[in-house]
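Hi,

Here is the structure I promised to pass on. Have a look at it first, and then read my notes below.

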There are 2 protein chains.
Amino acid sequence: MTKVRDSALEYAHSNKARFLDELKTFAAIPSVSTDPAYKSDIQKAASWAAARLEALGMKKVQIFPTAGHPVVYGETMEAGKDAPVVLFYGHYDVQPAEPLDLWESPAFEPTQRGENLYARGVSDMKGQILAGLFAIESIQKTSQLPCNLKFIFEGEEEIGSPNLAPFIADHKELLASDIVLNLDSGIIDKDFPSITCALRGLAYFEIRVSGAAGDLHSGMYGGAVHNPAQVLCELIAGMHNAQGKITLPGYYDSVRPLTAEDRADIARLPVDEEKYLKITGAPALYGEAGYTSAERIGARPTLEVNGLLSGFTGEGSKTVLPAKAMAKISMRLVPDQDPSEVHQQLLKYMELNAPPTVRWEVEQMAGGFPSIVDRDTPGVQELSKAFEMVWGIKPGFKREGGSVPVVAQMQSILGKASILAGFGLPDDNLHAPNEKLHLPTWYRGIDVVVHFLFNLQK
Amino acid sequence: MTKVRDSALEYAHSNKARFLDELKTFAAIPSVSTDPAYKSDIQKAASWAAARLEALGMKKVQIFPTAGHPVVYGETMEAGKDAPVVLFYGHYDVQPAEPLDLWESPAFEPTQRGENLYARGVSDMKGQILAGLFAIESIQKTSQLPCNLKFIFEGEEEIGSPNLAPFIADHKELLASDIVLNLDSGIIDKDFPSITCALRGLAYFEIRVSGAAGDLHSGMYGGAVHNPAQVLCELIAGMHNAQGKITLPGYYDSVRPLTAEDRADIARLPVDEEKYLKITGAPALYGEAGYTSAERIGARPTLEVNGLLSGFTGEGSKTVLPAKAMAKISMRLVPDQDPSEVHQQLLKYMELNAPPTVRWEVEQMAGGFPSIVDRDTPGVQELSKAFEMVWGIKPGFKREGGSVPVVAQMQSILGKASILAGFGLPDDNLHAPNEKLHLPTWYRGIDVVVHFLFNLQK
């Protein structure tokens, strides 16, 4: 066993230069999903990925058209019926590169500087897709695959995966698997590997409060009519109490309490208050009493104001008593909260607290379930061991504060929690100019996937 | 005495048709002060007003240039040293007429329909200027003026009178008078005349709250950083208590309490809660506990949110944790509040209430003193009697919720409180399409000024 691993790792190490060249070729395709101008590049990236799967000897390789950008599929089931099926999820689309003038080297001309490769998409997530494929190649060329593999690469992750859920629902059997691995994530520090074991869900609303039929002169009517901007502020102010807890009725009822083990896992992560202060530039931290910043972000639900608009917001002064006021409010949810439950809680809060001097409405703009993967499942355990084999330390179990719709979608349609990992770093400038990939970490990542696949062998 | 009045009134009544023609001529000049395209029309309106004063035999008629639009002056001091000097204030500029397509007849082609004359500026305030001049003409043509008269007509009232204060300060002696009459107002109802005895002052601020150094991803940092939009809402919510009182420290210290007589005067006005509900379209009224709507608007200070802006306000959803939030807040002030005192109170409130998790700043955008004229001064008493002589009922003493900077300026520079009256009606569509003047009320107004000037005779 050790011998086949060593051969595979040796192959991976001796092919670093070619792997890097392939990544450069893939990253040079400007597969920006949000901009119709790049439609042919999206096609080109899909074709490149499909060709790469075929080069690995994958079967049933196909580019499925969707209402938007295509889905690429491929599989190999030659490890036998008893071997587990691992479904690799990936996305071949990238964020726009603008503002272009802030890039030190052109966004779609991958350029190495020091230990990093700079280009749009190298970390998010073309490099991660290839880390998986190169690990597989390294095993194939030196022994035999210990697992059956399936691949689903979409081209719309950066625009919210609008056509992925229907595709998954229509291809449940094709996608059936034992383990879903989504490498669209990263580790917490180059010296501290981590597995993302939870994502927060989202419930996003627009609240609109209106008072008078039209804008009024604040001199002629101010004082006798309730100002909807004031009412909206009062409603928002009431949504948190002095301990930073959210006051929507029943909001915490479905929240799974943190166990001592959960808290110990979070406490192991190399993040502290000073780091958050430095990253955010905020004058002081804030949050729900009784929890650390890492817990507040990863393991506790929140309610944020994402936008506020009312009345006159230009330069100077205009003495208007606005007829309406709007707030965008979103909640990040944790297991076992449900976005539609939260919707009802918000409506209840408004019914209880909005005064009769205004009219109001609440519109749900987006929603997604939180997700969590059990630390004790074989997939997570074997990936954890793989990380430890490469880094020499047990990886952290990280809870991500954000939401990845595709993870919740796959979980709800396929019934499988994704294992979320990857070999990006927090300073990779995702969605920003000068996106980069730390190559030594990436190469270690290929080794991790090699170990992971062997670890899964029964 | 009665005989000279009757002759003057008879003259006024028999010249109605010509008075109307003159008003049409004056209102046909598009003297829009805010738009440089109308500069020559502003000049034309100033020349027309100066010529009209000369036609009345006024002396020292002069068009004074200013840094902006000119000031027209004229006087007659032939009533003798013992007769009072009445300074007539007026403005010959008008609001823009846009949106033009909402006018039923062209804005600068004065058109009579029924009892109303429609054109921009007929009510605000070319008709009011001419009501004064026609009353004077009616006396001149039938007897002798009982008062000395001075006139100051500016061309920048609709843009905030930016060059009037320096002009007044430079011409204090020229403008010295016993009574200042400003007819740039109206009566509360065509069957219920009124004198405007008070105006509210204004203190306008922009409050800016900032948290993190830049916008953050609400998933990655939400829960651990104080959201400045939430903080701003909390600060604004705290500015009123449950009784609708303003909580800025010391806010009511300088507020002159209402006397029983004040309240009786306000209660006499033909406005009730139902009327406010109908005009505003609000689902319910609101305000400081213990006061009627008319008191809340005219005689009590307020604090309004005029604008709110933070984060993402476009269509759809964006999960941003905003770096900053802004509110425009203004207070309407009553005697004896002082805008700079209120500025200090707001700063104190922010110091006491803003949490250390954010940075904040307050910028004062505008400020003006409240003004009030004593009911018992001879000018107000004689104007009140004049209204009663024409309408048959004692006029109401109305407190205007808005602010007229020129009134406060003249009071502070010349030391004279203006008597604010006029013959417009609340539905005259000031600053809106289809501005109109109710002609029967306007003709009665000319009679009121005739009586007023005779009443002042010692």
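Before anything else, one term you'll need: two strands count as paired if DSSP finds at least two bridges between them. Keep in mind, too, that this is a predicted model.

Let's start with bridges. In chain B, strand β9 (residues 201-210) and strand β13 (residues 324-333) run antiparallel and are joined by 10 bridges. One pair to look up is B:Ile207, whose bridge partner in β13(B) is B:Ala327.

Those two strands belong to an open, antiparallel sheet of eight strands, in the order β14(A)-β9(A)-β13(A)-β11(A)-β11(B)-β13(B)-β9(B)-β14(B). Which strands stand at the edges? They are β14 (359-368) of chain A and β14 (359-368) of chain B; each has a single partner strand, so one side of each is left without a neighbour in the sheet. From one strand to the next, the twist averages 20 degrees.

Now find the place where chain A meets chain B in that order. Strand β11 (residues 302-311) of chain A is joined to β11(B) by five bridges, and the two run antiparallel. Here A:Gly311 stands opposite B:Gly307.

Helix α7 (residues 228-237) of chain A lies across β9 (201-210), β11 and β13 (324-333) of chain A, together with β11 of chain B. Its direction is at about 15 degrees to β13(A).

**How the chains meet**

The contact takes 69 residues from chain B and 69 residues from chain A. On the side of chain B that touches chain A, strand β11 (residues 302-311) gives the most, with nine residues. Sorted by class, that side has 31 nonpolar, 28 polar and 10 charged residues.

How are the two copies related?

In soluble globular proteins, nonpolar side chains tend to be buried together. In this model, the largest nonpolar core has 94 residues, and A:Leu232 and B:Leu232 have the most contacts inside it. A second, separate core has 92 residues, including A:Phe19, A:Phe26, A:Ala198 and A:Phe369. Going back to A:Leu232, and leaving out residues up to four places away in sequence, its contacts are A:Ile207, A:Val209, A:Ser310, A:Ala325 and A:Ala327.

**A buried strand**

β3(B) runs parallel to strand β6 (residues 148-154) of chain B, with seven bridges joining them, and B:Tyr89 stands opposite B:Ile152. β3(B) also runs parallel to strand β7 (residues 179-182) of chain B, this time with four bridges; there B:Phe88 stands opposite B:Leu181.

**A three-stranded sheet**

Chain A also has an open sheet of three strands, antiparallel and in the order β4-β5-β18. Its edges are β4 (111-113) and β18 (436-438), each with a single partner strand, so one side of each is left without a neighbour in the sheet. Neighbouring strands here are turned by 25 degrees against each other on average, direction ignored. Three bridges join β5 (residues 116-118) to β18(A), and A:Asn116 stands opposite A:His438. Helix α14 (residues 439-455) of chain A lies across β5 and β18, at about 65 degrees to β18(A).

**One residue in a loop**

Last, look at A:Ser33, in the loop between α2 (16-27) and α3 (39-55) of chain A. Is A:Ser33 buried or exposed? The cut-off for buried is 20 or more other C-beta atoms within 10 Å; A:Ser33 has 26, so it is buried. Leaving out residues up to four places away in sequence, its contacts include A:Ile42, A:His69 and A:Asp93.

Technical notes:
Residues are numbered from 1 along each chain as its sequence is written. Chains are lettered from A and ligands numbered from 1 in the order in which they are written. This is a predicted model: local features need pLDDT of at least 70, side-chain atom pairs count only at pLDDT 80 or more; totals for chains, interfaces and linings use all residues. A residue is buried if 20 or more other C-beta atoms lie within 10 Å of its own, exposed if 12 or fewer, and partly exposed in between; C-beta atoms are placed from the backbone. Two residues are in contact if their C-beta atoms, placed from the backbone, lie within 7 Å. A nonpolar core is a set of buried Ala, Val, Leu, Ile, Met, Phe, Trp, Tyr and Cys residues joined through C-beta atoms within 7 Å. Axes are lines fitted to C-alpha atoms, for helices over the stretch in contact, and angles run from 0 to 180 degrees between N-to-C directions. Ala, Val, Leu, Ile, Met, Phe, Trp, Tyr, Cys and Pro count as nonpolar, Asp, Glu, Lys and Arg as charged, and the others, Gly among them, as polar.
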